[in-house]
Amino acid sequence: MTKLYDVVIVGAGPSGIGVGSILKEMGCKSLVLLEKGQVGESFRKWPKEMRFITPSFPAQGFGQTDLNAVVPKTSPAYTLDEEHPTGDDYAEYLDLIHEHFQLPVRENIEVISVDKESDGTFTLRTSDGEMRSKYVVWSAGEYHYPNLNPFSGANLGIHTSSVSAWEEMDGEDYIIIGGYESGLDAAYHLCNQGADVKVIARTNTWEIDTSDPSVSLTPYTYKRLKNLPDSKMLELIGNTTAVEITKDGKDYVVHTDKNETYQTSNRPIIATGFSGGTKLIRNLVSYGEHDEVLLTEDDELQMTKGIYLAGPEVRHGSHVFCYIYKFRQRYAVVATSIAKKLGLNQSVLDLYRQENFILDDLSMCGERCQC
């Protein structure tokens with residue numbers, strides 16, 4: 001007989017570890033986390049030079065939790081002595097949380113498919129056989145699932161998630177397609193190595209006037225771009241969409257919607273984002289007009305009750321939760337919904353609310369800085 005778990009969490013990154021920690025504190029004993037690699041695997045795959053753009057700072061004693069913490073009363077800055085941790089640093093922090101809460105993580109297990117049975121339970125087919133669960137928390141993240149085909153010929157380029165270290169890219173000129181954080185992070189590192197870089201972006205992110213870093217660039221990125229060794233090394237081409245990449249001899253040619261072409265001797269860098277882990281369970285997911293996952297107010301899939309979404313794919317209308325300090329505030333929302341159904345102890349929620357780790361009133365979102 002296949003064991004029936006109360007909760008299976010898919011993914012042991014920040015969301016899986018975060019939701020798992022709450023459920024463990026609530027007394028959930030029939031719980032398992034499945035991770036296709038190691039704890040924090042996505043962060044271990046980051047380019048060596050990539051760092052968090054949100055700063056970590058240990059201000060717990062004054063009522064402010066570290067922006068990159070996934071559990072109250074913890075701080076990556078305190079643990080790692082880093083304000084802007086690397087991916088490997090942050091994976092170490094997540095591993096410490098995993099050990100502290102004694103979370104039942106099974107590493108190197110890949111989930112192949114999920115199906116809902118007639119009795120309301122779920123069957124998960126994995127690389128290690130089948131598992132059954134009453135509830136599923138999908139926290140597979142985005143980094144493992146890059147958008148590799150945003151336009152014709154994109155396979156001629158190289159996606160930012162495929163780069164292990166920017167220092168290994170030793171060309172003299174590069175074209176980067178995509179003007180958000182990953183694209184400009186790549187531009188910064190390549191320029192610092194002496195390369196000339198053009199960034200082709202559909203949206204002029206560097207000109208957007210908003211206090212929401214999910215839409216505009218972060219101050220950390222602005223500062224780094226201003227401190228390049230030579231401002232002429234970087235050319236920002238905005239309001240322009242790349243539509244195709246072709247080859248011309250040994251060179252690569254990027255074609256745009258303005259009938260312009262840009263040529264480089266090196267493979268173009270694709271920084272067009274990620275398609276998200278929910279593509280693995282498309283049979284259970286419904287999507288909105290902007291391809292966002294449709295959720296209930298408790299982050300349960302509208303199409304399939306019993307499966308919850310946690311992490312950067314969470315959307316509610318115009319509210320985007322793409323930074324840890326944002327989507328961590330939804331962990332307790334998910335855990336509370338499951339706890340009510342399983343009859344778990346919810347007293348730990350007092351701490352989570354006190355530490356501003358619960359955002360269940362979205363009318364509070366979207367405030368603009370006055371100055």
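Which residues form one aromatic cluster? They are Phe43, Trp46, Phe52, Tyr90 and Tyr93. Before I go on, the conditions: this is a predicted model, local features need pLDDT of at least 70, side-chain atom pairs count only at pLDDT 80 or more, and totals for chains, interfaces and linings use all residues. Residues are numbered from 1 along each chain as its sequence is written, and side-chain values use heavy atoms, with hydrogens and water left out.

Staying with the rings, a search of the whole structure gives 10 aromatic pairs. The rings of Phe, Tyr and Trp (its six-membered ring) pair if their centres lie within 6.5 Å; planes under 30 degrees apart are stacked, over 60 edge-to-face, and the rest tilted. One of the pairs is phenylalanine 327 with tyrosine 331, which is tilted, at 6.3 Å centre to centre and 50° between the planes. Both partners are buried, meaning under 20% relative accessible area, where exposed is over 50% and partly exposed is in between (1.4 Å probe, protein chains only): phenylalanine 327 has 6% and tyrosine 331 has 1%. Another pair, tyrosine 352 and phenylalanine 357, is edge-to-face, with 5.8 Å between centres and 85° between planes. Tyrosine 352 is buried at 1%, and phenylalanine 357 is buried at 0%.

Next, helix 1, residues 14–25. Helices here are DSSP runs (H or I, at least four residues), strands likewise (E, at least two), and they are numbered from the N terminus. The expected span is 1.5 Å times one less than the number of residues. For the 12 residues of helix 1 that comes to 16 Å, and the end C-alpha atoms are 16 Å apart, which agrees. Of those 12 residues, 10 are buried, so helix 1 is largely enclosed by the rest of the structure. Among the buried ones are Ser15, Val19 and Leu23. After the helix comes glycine 27, with a positive phi near 100°.

A core is a set of buried Ala, Val, Leu, Ile, Met, Phe, Trp, Tyr and Cys residues joined through side-chain atoms within 4.5 Å. The largest has 74 residues, and Leu23 and Leu124 touch the most other members. Helix 8, residues 331–342, gives the most to this core, with seven residues. A second, separate core of 24 residues includes Met169, Tyr174, Val197 and Leu228.

Contact means heavy atoms within 4.5 Å. Leaving aside neighbours within four places in sequence, leucine 23 is in contact with residues including Val7, Ile9, Ala335 and Ile338. Alanine 310 sits in the loop between strand 15 and strand 16 and is buried at 7%. Its C-alpha atom is 7.3 Å from that of phenylalanine 327, 17 residues apart along the chain.
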